[in-house]
Amino acid sequence: MPRQRKPLPGVDPKLLIGDAAKILPEQSRRVFLRGGASLGALAVLGGCDIVDGDTSERVLRVISTFNDRVQALLFNPNTLAPEYPESKITRPFPFNAYYSEDEAPEIDADQYQLEIGGLVENKKPWTLTELNKLPEVSQITRHVCVEGWSAIGSWQGVKLSDFLKMIGADLSAKYVWFQCAEGYSNTIDMPTALHPQTQLTLKFDHRTLPRAYGFPIKIRIPTKLGFKNPKYVTAMWVQNNDAGGYWENQGYNWFSGL
Amino acid sequence: MSLSTNTVNAAKSVGRGTAIHPLVVRGTHWVNAAAMVVMITSGWQIHNAFPTLPFEFPNVLTLGSDLTGALQWHFAAMWLLMANGLVYVILGFASGRFRRKLIPIYPNEVVHDLFAALRGKLSHDDLSVYNAVQKLLYTGILLTGAVIVLSGLSIWKPVQFHALTSFFGGYDTARYVHFAAMAAIVAFLVVHVTLAVLVPKSLRAMIVGR
């Protein structure tokens, strides 16, 4: 949706702002130049496509990063996502991805291993048989999609915080990064990884996780939007650098907390 | 009774030689107008990603090239909308402006002024005094503003603010509440802008103060 404004002939918006700023008293000038005021001023003075231009995109990304910090502050590690009775489960629970259902990864259960890496003491990979022997937790929670729809599902698996402790992960690390079979990935913050409802999910509605919902492993995070719940997970890394993610890198908000 | 109150108020404002709308009211009004336009047009694009109701807003009326951009605009302008709204509401209560300008609202006066307005016989001699229809609409739009911000927060953070989400009837219902509040604001805007154009001095008063 390009909206071009006609620039004023012979006027360089940046120079004009510079000149305008010189007229201001010292203190206001500094505030003015430091502040985001130049964005609005540029738009008014012409030539700048404020709606879809690079400048607005950059400013919006900065605000999105600011929103990440606000959401991290709003995130209460003890606040639980509401849980629902079985009767409220959405049936059929929707399949959702950027590809069609028959393009979803098909993973051989016998060959599968969950790779562990990064700031972890025991990096031994895990087979599904081993993971299925771990104590099981269950939740019926609402999956909220960034598009606005929501659906209630029933998930069973291993509490991620228990699993991280068991493998000797550095819990003071900042991020946990998940790699998926189809090339999808997500990085989440450690406080969310340690949230009591964050789950290394092996089952949907008490049955082995179907291919449509992410077989063999989905990371179920009821405190985050759906796209921050990776499916077909093949590797998990504990690390201090943000490795981004499939949608996050395209401009969706990184924290995307609920 | 309200006539005498109005006369006293009018006399006061004339006596003090103050603007019809103080600078802070005019400032917050226009910042709110800009923030609202961004919120509404980006909200329409967000709606289109998965329509709450079975229709889509034409792309030419929406902000953001796709859902990503629309969400970025929406969650950026929300800070402007909330900060500006808070300043306006706090000052409105603290200065007594809301009390002086917006109450009391008598149903019979609303009916009377509404018919007078429809016949084109409503006086606009003193813009510092709101007629009963204005009082009702301005109070209504303030309450709607509260509903749209709170329902918005409830669908932005349905886990952290789950009590608020429940108050609006749960996540899915809260989306309809948010949408309905938007529709009410757009309806208000249509009437508000039309009347401002029909009575240009009211528009002037909101820009230059008198």
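Predicted model: local features only at pLDDT ≥ 70, side-chain atom pairs only at ≥ 80, totals over all residues.
A:Asp189 touches A:Ala72, A:Lys174 and A:Tyr175, when residues up to four places away in sequence are not counted. A:Asp189 sits in strand S5 of chain A, which covers residues 185-189. The residue counts as buried because 20 C-beta neighbours fall inside 10 Å, and a count of 20 or more is what the term requires. A:Ala173 is 16 residues away from A:Asp189 in sequence, and the two C-alpha atoms are 8.9 Å apart in space.

S5 belongs to an open sheet of four strands in chain A, ordered S1-S9-S4-S5, with mixed pairing. S1 and S5 of chain A each have a single partner strand and stand at the edges, so one side of each has no neighbour in the sheet. Ignoring direction, neighbouring strands of this sheet are turned by 20 degrees against each other on average. Strands of a sheet pair through backbone hydrogen bonds, in either a parallel or an antiparallel sense.

S4(A) and S5(A) run antiparallel and are joined by five bridges. Within S5(A), A:Ile188 is the residue that stands opposite A:Val176. On the next step, strand S4 (residues 175-180) of chain A pairs with S9(A) over six bridges, in the antiparallel sense. Here A:Cys180 has A:Val233 in S9(A) as its bridge partner. A:Gly118 stands opposite A:Val238 of S9(A).

A:Val233 is in contact with A:Phe178, A:Cys180, A:Ile217, A:Lys218 and A:Ile219, leaving aside its neighbours within four places in sequence.

Chain A as a whole contains seven helices and nine strands. Of its 258 residues, 33% are buried. Among contacts in chain A with a separation of 6 or more, 69% are between residues 24 or more positions apart.

Chain B is built from helices: there are nine of them and zero strands. Read from the N terminus, the order of elements is α-α-α-α-α-α-α-α-α. Along the principal axes, the C-alpha atoms of chain B fill a box of roughly 50 × 35 × 30 Å. Buried residues account for 26% of the 210 residues in chain B. Where contacts in chain B link residues at least 6 apart in sequence, 63% of them join residues at least 24 apart.

One helix pair shows how chain B packs. Helix H5 (residues 107-118) of chain B meets helix H6 (residues 132-156) of chain B at an angle of about 110 degrees, and their axes are 7 Å apart. That angle makes H5(B) roughly perpendicular to H6(B), because values of 65 to 115 degrees are classed that way. H5(B) contributes B:Glu109, B:Val110, B:Asp113, B:Leu114 and B:Ala117 to the contact, while H6(B) contributes B:Ala132, B:Val133 and B:Leu136. By class, the contact of H5(B) with H6(B) has six nonpolar, no polar and two charged residues.

The remaining topic is where the two chains meet. The contact takes 26 residues from chain A and 22 residues from chain B. On the side of chain B that touches chain A, helix H2 (23-49), helix H3 (67-94) and helix H8 (171-198) each supply at least two residues. H3(B) provides the largest share of that side, seven residues. Sorted by class, the side of chain B that touches chain A has 12 nonpolar, seven polar and three charged residues.

Note on methods. Residues numbered from 1 in each chain as written. Chains lettered and ligands numbered in written order. Contact = placed C-beta atoms within 7 Å. Nonpolar A, V, L, I, M, F, W, Y, C, P; charged D, E, K, R; others polar. Buried ≥ 20, exposed ≤ 12 C-beta atoms within 10 Å, placed from the backbone. Axes fitted to C-alpha atoms, helices over the stretch in contact; angles between N-to-C directions. Parallel < 35°, antiparallel > 145°, perpendicular 65-115°, else oblique. Pairing = 2+ DSSP bridges.
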